[in-house]
Structure formats: structure tokens, C-alpha cells
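Thanks for coming. I will take one structure and go through it piece by piece, so please keep the picture in view while I talk.

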Amino acid sequence: MRKMLSALALCAVILQGPTAATAQGQGIGTTPLLDLVAAARGKVVVLNFFASFCPPCRLEIPGLMELRSRFSPGEVEIIGISVDNSLEDMENFIRKYDFNYPVYYGGQELGYAFRISAIPHNIVYDRQGRMAYNQPGYLPGDELAALLRDVLDRDS
């Protein structure tokens, strides 16, 4: 959990203080990132790094939204992090989708902080905050679902 908390605390610094733009199916607002950390305790966390200009990212998002419906929010937290070139690019993109999980703007700096070299990129943390998966490239929803079930079963 410490590694995840450190990484998310770094997000708060990189994202110009304690807030970041977010969308969760109901428009755009701001949410303190420390709330994100608190909400993730005891859950499996999926960080999905994407950009609006990335075709594989756009292909992956419907699968993530379907997984959000399949796994309890008490078990799995899915968080989208946009590494778009601008907040405006991300805002325009998220208005086209009815996201059912939070999406934050991180910009390229956050991608660099997580050593993201290609998108989409998914990082999965187990309930104790240990990294269970960290890979670039398109990840089909059924493969991510199997990974999440495996991580949840290990933590039981």
C-alpha cells in the first residue's frame, strides 16, 4: 500500500496541488486526489493511462466500463488517467463517452512519473498496494477480468 500511496501522493504534486480535473459520467469537476487514495484502501486498483488521440486507448475504454459494471466498487477501483496534451483535449473526449469510473487529467508529466512509455498502459495494484501488473499495450476486457479475478483470489 505504501508504494501506491507514494505514487498517488506524487500525483497530487504533479497535478498542481491537491486537485485534478475529473469526469464520472456527469460532467467535469475537481476531486482531491487524497480522496482517491482513501477510497482505494483495501481494493484492487486499476490505473489506466490513455489519451484521446490513441486508437487502442479508445478501443480499450468500453471494456473498462464493462468491467466497472462486473466488479463491485468495494472490490475493484478503476481510475482513468489522461496523458493528453491538454486538459481541453481530455474534456472534449470524455464528453463523448459516458464513463462509469473516474477519469483524471495527468498530462505528460504524470506519464513520465509512472514511467509510461506507451499507451494504453495499465497498472494493477492488489489490496495491499503491491503492484500486480504493469504493462503497456491494449488489454482486452476479458484478459483484464481474468487478471482481476486472480488478484482478488490471491488476496482472499
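One definition before the rest: a residue is buried under 20% relative accessible area, exposed over 50%, and partly exposed in between. Arg-130 has 47% relative accessibility, so Arg-130 counts as partly exposed. I will come back to that residue. Please also note that what you see is a predicted model.

Now the overall layout. The protein has six helices and seven strands. Read from the N terminus, the order of elements is α-β-β-α-β-α-β-α-β-α-β-β-α. There are 156 residues in the protein, and 49% of them are buried. Taking the contacts with a separation of 6 or more, 70% are between residues 24 or more positions apart.

Let me move to the inside. In soluble globular proteins, nonpolar side chains tend to be buried together. Here the largest nonpolar core has 41 residues, and the members that touch the most others are Leu-47, Phe-49, Val-76, Tyr-101, Phe-114, Leu-144 and Leu-148. Several elements give two or more residues to this core, among them strand 3 (44-50), helix 3, strand 4 (76-82) and helix 6.

Strand 3 deserves a longer look. Which of its residues are buried? Seven of the seven in strand 3 are. In a regular strand the side chains alternate between the two faces of the sheet. In strand 3, Val-44, Val-46, Asn-48 and Phe-50 point one way, while Val-45, Leu-47 and Phe-49 point the other way, and all are buried.

What does strand 3 pair with? With strand 4 the pairing is parallel and runs over seven bridges. With strand 6, strand 3 pairs in the antiparallel sense over five bridges. For individual partners, Val-44 is bridged to Val-76 in strand 4, and Val-46 to Val-124 in strand 6.

Val-76 has come up as a core residue and as a bridge partner. Leaving aside residues up to four places away in sequence, Val-76 touches Val-44, Val-46, Arg-68, Phe-71, Leu-148 and Leu-152.

Last topic, the charged pairs. How many salt bridges does the structure hold? It holds four, and I will describe some of them.

One joins Glu-66 and Arg-70, at 3.2 Å from N to O. Both residues lie in helix 3 (residues 55-70), four residues apart, about one turn of the helix. Glu-66 is partly exposed because its relative accessibility is 37%, and Arg-70 is partly exposed because its value is 42%.

Another is in helix 6 (residues 141-155), where Arg-154 and Asp-150 are again four residues apart, about one turn of the helix. The closest N and O atoms of that salt bridge are 3.9 Å apart. Asp-150, at 39% relative accessibility, counts as partly exposed.

That brings me back to Arg-130. Arg-130 forms a salt bridge with Asp-126, and the closest N and O atoms are 2.8 Å apart. Is Asp-126 buried or exposed? With a relative accessible area of 6%, Asp-126 is buried, whereas Arg-130, at 47%, is partly exposed.

That is what I had. I can take questions now.

Notes:
Residues are numbered from 1 along each chain as its sequence is written. This is a predicted model: local features need pLDDT of at least 70, side-chain atom pairs count only at pLDDT 80 or more; totals for chains, interfaces and linings use all residues. Side-chain values use heavy atoms; hydrogens and water are left out. A salt bridge is a side-chain nitrogen of Lys or Arg within 4 Å of a carboxyl oxygen of Asp or Glu. Buried means under 20% relative accessible area, exposed over 50%, partly exposed in between (1.4 Å probe, protein chains only). Contact means heavy atoms within 4.5 Å. A nonpolar core is a set of buried Ala, Val, Leu, Ile, Met, Phe, Trp, Tyr and Cys residues joined through side-chain atoms within 4.5 Å. Two strands pair if DSSP finds at least two bridges between them.
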